[in-house]
Amino acid sequence: MELHQRIVSAPVDFGAIRSEFGLASAYPAEASTEARDASDAFAGDRADRTDIPFVTIDPPGAMDLDQALHLERTGTGFLLHYAIADVGAVINPHGALAKESGARGQTYYLPDGTVPLHPPVLSEGTASLLPEQRRPAALWTIELDENAEPQRFSVERALVRSRARLDYAGVQADADAGRLHPSIAALPEFGKRRIEAGLLRGAIGLRLPAQSIVRDDRSDGHWRLIVEPRTAADDWNEQVSLLTGMCAARIMLDAGAPALLRTMPPPAESAIASMHRTAAALGVEWPEGLSVGQMLARLDPNTPAALVLMSEATSLLRGASYTVVTEDTVAATPESLEHSAIRAPYAHVTAPLRRLTDRFSTEICLARCAGTEVPQWVRDGLADTADSMRRSDAIAGKVERACIDLTESTLLAERAGTEFDAVVVREANGNRAAEIFIADPPVLGPCAGEPPEGATVRVRLVSADPVARKITFAYPAPASPPAGP
C-alpha cells in the first residue's frame, strides 16, 4: 500500500507525442486575425430566442461550449430546443481560417492541453455559448411524443442566451437530490425513454471503464490515471445529441442530396456468434430474440463478465467512417447509410467548434429547412471534409492511446516484479497476447501466458518502458527469486 501511494502519480511530458503526430497548436497569423475579427454574417436575419432559458452541460472547466439545451414536458410528450454554436456564420468559407480548420479536422485533446480546431479567441470566446452572452446559434426544435420519438423537427438561425453552465457530476447530483435546473427537469425521463427506444431499434451501447489522465494537484507537473466515472446524466445528455444527429440525417436524406453522414457497417454474423459463445462460456444468460445491445444493457458493468463481453463487443463496432451522398452517388442501400451502433442514419451536427464535419452538415440542414439552395462552398467541400475527418479521427485515436500508454508505462516504470489482481478481458489467441485490466492503478495491458478469459487472476509486471510506451505482464505470476543466504 505504501509503495502504491508513492507512485500514484509521476511526471509525464506529452511534448514528444505532440511532435510525433505533428500537432502544432500555433495558428497562422492570417487565420488568427480572421478569428479575432469574426462577425455574424446573418446578424440581421435571426429569430430572437433569447427568451428560452438555455443551459449548457460540459466537463468542468470547458470553454468551447458547442451546445445549449432546453427541454420541457408537454401534454403530448416533450419539446426540445437545442442551440448549437453557429460556426458557419462566423467563418469565411474561402478564407485562411476555413483552410486551416479544414487541414486540422478536429480538436485534439491531450492531458496538458488541447490542439484546437479553431483559435481559442473564437472557440472559447466569441462563438462559444458561454452563460449570459447573446450568441448566434443553429437552433433545433424537436417535438416528441410520449415515447420520446420525434414527430416534427427543424433547424433555423437564431440568437440565444445561455443562463447557466452545468457539468455532468453536478447534474447527476441534482437529479439524485430532486433539484434539477428547470430547463432540464425532464431530462432523466427523456433520456431513459430514448435509451429504451435505441435498444428496441437494436442500438449497441458500451459502458467500458474509461481511462483518463488527470493532474495530481499535490505534485506539480505530475499526472495520474483514473477511471472516469460515467453517470446516468452523461447517458441522458448523449441522447439529446444522438437524437439531433438522427434528425439531421433524416432532413438531408429526405431531400436526396447532398448529405454528409457518419456511418458504420453492420457487424459480421460471425462476430455476433462469437459473442454468443463467449457469453455461454461465462455463464451469462442470453435469451433468444434479445439483441446484443439489450443483452449488454442487462449486465452489471462492474462484473468481470460484463467487462469481457463489452470488450468483445468493440469488435462489432468497427469501420466507422464518413459517407458523402451527392446527386451522382450510385443508389445506396438503406443499410449502407446507417450507423450500425445507432441502427439509424446519423450525422454529426452538434460539435462544430471541435469537429469540422458539423459545420457542413448543419449548413445543409439549415438550407433545407429554410427552403433555400445548399451553398456551393458546402457542396464543393464535402469530399475534402470527409477525408479530413477520416484522417484526423485516426490521428486522434492514436494520440489518445499514446498518451495513456506513456502514462501507464511511466507510472509503472519502477514497479517491475510487483504482483496485481487483474480481470482477463481477452484470452490469448494465436500471436495475440491475452489482455488484462487492473483496477488500481487502472491499466489495460497485454499479458504473457494463457490466463482464462473472464477470470480474476494474479499477474506480475514484467516490464514498463516509458520510451517505448509499452508494459508487459505475465501469468501465472512468476515465483519470486529465493532470498539470499
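Mentor: What follows is a set of questions about labels, each answered from its definition.

Mentor: This is a predicted model, in which local features need pLDDT of at least 70 and side-chain atom pairs count only at pLDDT 80 or more, while totals for chains, interfaces and linings use all residues. Residues are numbered from 1 along each chain as its sequence is written, and side-chain values use heavy atoms, with hydrogens and water left out.

Trainee: What makes F14 and W223 an aromatic pair, and why is the pair called edge-to-face?

Mentor: Rings of Phe, Tyr and Trp (its six-membered ring) pair if their centres lie within 6.5 Å, and planes under 30 degrees apart count as stacked, over 60 as edge-to-face and the rest as tilted. The centres of F14 and W223 are 5.5 Å apart and their planes stand at 85 degrees, so the pair meets the edge-to-face definition. F14 lies in the loop between strand 1 (10–11) and helix 2 (15–20), whereas W223 belongs to strand 11 (residues 222–228), 209 residues apart; here helices (H or I, at least four residues) and strands (E, at least two) are DSSP runs, numbered from the N terminus.

Trainee: What ties F420 to F473, and how do you know whether F420 is buried or exposed?

Mentor: F420 and F473 form an edge-to-face pair as well, at 6.0 Å centre to centre and 85 degrees between the planes. Because F420 lies in strand 14 (residues 419–426) and F473 in strand 18 (residues 470–474), the pair ties together parts that are 53 residues apart in sequence. Buried means under 20% relative accessible area, exposed over 50%, and partly exposed in between (1.4 Å probe, protein chains only). F420 has a relative accessibility of 5% and therefore counts as buried, and F473, with a relative accessible area of 0%, is buried.

Trainee: How do you know that the charged end of R157 sits over the ring of F42?

Mentor: The criterion asks that NZ of Lys or CZ of Arg be within 6 Å of the ring centre and within 35 degrees of the ring normal. The charged end of R157 is 3.8 Å from the centre of the F42 ring, and R73 lies over the face of F78 at 4.6 Å from the ring centre.
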